[in-house]
Amino acid sequence: KEDKSFIPVPILRRESGMVTLTDIKLMRKAGHRTGEAGSALLASVLVITLITGAGLSAMTTTASSQGKAQNLVNEKQAFYLAEAGIQHGRLVLYNQYNANPNIWTAPPPTGYNTTTPQTLVPTTSLSGVGSYTVTIKDASGPGLLMTATGTASNNATTSVSSLVVTG
């Protein structure tokens with residue numbers, strides 16, 4: 001009796017470079033599929049392409065997010081530098097006012113009674129973080145307008161103004 005659970009796969013006979021119809025029938029009977037040669041390779045290439053695209057998209061998004069975060073850090077540093085300039089300017093103005101109470105109403109160069117901004121604190125650098133400059137001018141009323149400009153890395157700048165009134 002012949003065992004039908006085992007069907008031997010024939011070695012393909014090539015007659016003038018062609019597979020014969022008998023070979024195809026035997027291959028189908030043995031469980032071989034015809035017409036699907038390379039479909040697994042094509043599916044694998046498609047999956048790899050999709051994964052590569054997703055990876056490149058993730059890398060681009062990450063790089064963009066890092067750039068935005070660095071810009072935000074630079075802007076915050078510039079703001080805090082300008083705030084430091086305002087505090088420094090207030091201290092300088094306080095010391096000058098204690099030495100000469102007429103400094104508010106005297107014209108330049110001894111006072112600040114002018115609408116043209118004058119340098120109160122020259123450019124001051126802070127240990128590689130950035131720098132600030134403070135100017136002051138008459139506020140057209142009972143006080144002075146102090147403006148500090150902070151400059152951080154990548155030329156991020158922020159200006160902060162404060163109205164200073166005596167009394």
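Predicted model: local features only at pLDDT ≥ 70, side-chain atom pairs only at ≥ 80, totals over all residues.

Me: How many residues are in the largest nonpolar core?
Reply: It has 17. A nonpolar core is a set of buried Ala, Val, Leu, Ile, Met, Phe, Trp, Tyr and Cys residues joined through side-chain atoms within 4.5 Å. Buried means under 20% relative accessible area, with a 1.4 Å probe and protein chains only. Leu93, Tyr112, Leu120, Val134 and Met146 have the most contacts inside it.

Me: Which element gives the most to this core?
Reply: H2, with four residues. Helices are DSSP runs of H or I, at least four residues, and strands are runs of E, at least two, numbered from the N terminus.

Me: Which residues of H2 are buried?
Reply: Asn74, Ala78, Leu81, Ala82, Gly85, Ile86, Gly89, Val92 and Leu93. Their cover includes S3, S4, S5 and S6.

Me: New topic. Where is Asp138?
Reply: In strand S4. Asp138 is buried but has no salt bridge. A salt bridge needs a side-chain nitrogen of Lys or Arg within 4 Å of a carboxyl oxygen of Asp or Glu. The nearest side chain of opposite charge is Lys137, 9.2 Å away.

Me: What is Asp138 in contact with?
Reply: Tyr112, Asn113, Thr114, Gly143 and Leu144, leaving aside neighbours within four places in sequence. Contact means heavy atoms within 4.5 Å.

Key:
Residues numbered from 1 in each chain as written. Heavy atoms only, no water. Buried < 20%, exposed > 50% of the residue type's maximum accessible area, 1.4 Å probe, protein only. Lys, Arg positive; Asp, Glu negative; His and termini not counted.
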